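This report goes through selected features of one protein model, residue by residue and element by element. The sequence and the structure come first.

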Amino acid sequence: MIFWNAARRRLLSHALISAALACGVPAAQAADSSFPTRPVRLVVGYAAGGATDVLARLVAQKMGEALGQPVVVDNRPGAGGTIGGALVARANPDGYTFLLATVAHTMAPGIYKTLPYDFQKDLEPIGMVALTPNVVLVNTSIPARNVQELIAYIKANPGKVNYGSAGIGSTEHLSGELFRSATGTDISHVPYKGGAPMMTDLIAGQIQMAIETSPSANPHVKSGKVKALAVTSAKRSPAYPGVPTVAESGVPGYEVTTWYALMAPRGTPEPIRQRMSAELAKVLKQSDVQKRFDDQGVTAGDMTPPQLAAFIKTETTKWTKVAKDSGAKAE
């Protein structure tokens, strides 16, 4: 009976492919009913251990369980996530390579003179994974208990406060530049190849501050290794009891939300994109995933692909203006 069912499925699959080819449908699209038949790669444009990597590994594990094939995280750090973005943009659109994009990919067009790919044209949205505030962090040696005291300290020590980021064009970079321009402070940018090595140096005092994403910041705030002065969202985060927003701390209009989205190379067959979008939506509703998100100050995404495409367009316009106004550039 098992042999007969397997044989019947193979015959049916061949018949569907033949019919599809006769109608001019590509073989890859016709065979999507069997997807996936091998491991799927999820590219992360940042070093292991950072916020994007942490979320990617959680999603990869859950998506792998849903798809019946491993989803393997492939870290390709550098250039604010654009190395990973370019890799996926050029990948074979067969459904076996995806990108965990971040808000930084909409910041890059305003930072870099040229990019080897077009984020909006060369990649297709699958679904929003998560959204989270950034957190204004300082080394424990900095004598500031809030944002106003931090601003006063920076102005009293011009040129002595450095802020770290996960790389040029990263969300931490633009968050820092927005803070600098909004407060009129003299802070210098120190780029790293990911959030994890940046956090190591912040804890050690090699840099004095950072505006880091919540998943990466949260465990170090809880352990007391760094101080959280404010969150960058419009509202306070339950993950940081008693910590105000930057806006209510005397910097009106300051708001940054870091987001993570699943993207595919342009031309990936629609049935595969639909399957991945549906499985992602199911994963994000799982109680253990939601608990992990809540613990880290993360909100699960719920945008459809068209909604995500419109959101990405708006974010690109917003951050291009921020880059222009702040003068932030990548050499």
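Predicted model: local features only at pLDDT ≥ 70, side-chain atom pairs only at ≥ 80, totals over all residues.

Pro125 belongs to strand E4, which spans residues 123-139.

Beyond its neighbours within four places in sequence, Pro125 is in contact with Leu262, Met263, Pro305, Leu308 and Ala309. Gln307 is 182 residues away from Pro125 along the chain, yet the C-alpha atoms of the two are separated by 9.2 Å.

## Overall make-up

The protein has 331 residues, of which 52% count as buried. Its secondary structure consists of 13 helices and 10 strands. Among the contacts with a separation of 6 or more, 77% are between residues 24 or more positions apart.

## The β-α-β unit

Strand E1 (residues 40-44) and strand E2 (residues 71-75) are paired in the parallel sense, with five bridges between them. Within this pairing, Val44 is opposite Asn75 of E2. Together with helix H3 (residues 51-67), E1 and E2 form a β-α-β unit that is right-handed.

## Backbone features in two loops

The loop between helix H2 (27-30) and E1 contains Pro36. The peptide bond between Phe35 and Pro36 is cis, with omega at about -5 degrees.

Ala79 is not a glycine, but its phi is positive, at about 55 degrees. With a relative accessible area of 31%, Ala79 is partly exposed.

## Aromatic pairs and a charge over a ring

The structure contains three aromatic pairs. In one of them, Phe179 and Tyr254, the ring centres are 6.3 Å apart and the planes stand at 80 degrees, so the pair is edge-to-face. Phe179 is part of helix H8 (residues 171-183) and Tyr254 is in the loop between E8 and E9, so the pair ties together parts 75 residues apart in sequence. Both partners are buried: Phe179 has 0% relative accessibility, and Tyr254 has 3%.

Another pair is made by Trp259 and Phe311, with ring centres 5.5 Å apart; the planes are at 70 degrees, so this pair too is edge-to-face. It links distant parts of the chain, since Trp259 is in strand E9 and Phe311 is in helix H13 (residues 305-326), 52 residues apart. Trp259 is buried, at a relative accessible area of 0%. Elsewhere, Arg38 lies over the face of Tyr96, 3.8 Å from the ring centre.

## Helix H5

How many of the eight residues of helix H5 (residues 104-111) are buried? Seven are, so H5 is largely enclosed by the rest of the structure. The buried residues of H5 are Ala104, His105, Thr106, Met107, Ala108, Gly110 and Ile111.

Several elements cover these buried residues, including H4, strand E3 (97-102) and helix H6 (119-122). H8, E9 and H13 also take part in the cover.

## Two buried serines

Ser233 is in the loop between strand E8 (226-231) and strand E9 (257-265). Its relative accessibility is 12%, so Ser233 counts as buried. A polar atom of the Ser233 side chain lies 2.6 Å from the backbone oxygen of Lys235.

The side chain of Ser326 reaches the backbone oxygen of Ala323 at a distance of 3.3 Å. Leaving out neighbours within four places in sequence, Ser326 is in contact with Glu177 and Arg180.

Technical notes: Residues numbered from 1 in each chain as written. Heavy atoms only, no water. Pairing = 2+ DSSP bridges. Helix = DSSP H or I, 4+ residues; strand = E, 2+ residues; numbered from the N terminus. Right-handed = clockwise from strand over helix to strand, strands pointing away. Buried < 20%, exposed > 50% of the residue type's maximum accessible area, 1.4 Å probe, protein only. Polar contact = N/O pair within 3.5 Å; in protein donor to acceptor, adjacent residues only side chain to side chain. Phe/Tyr/Trp six-rings, centres within 6.5 Å; stacked < 30°, edge-to-face > 60°. Lys NZ or Arg CZ within 6 Å of the ring centre and 35° of its normal. Contact = heavy atoms within 4.5 Å.
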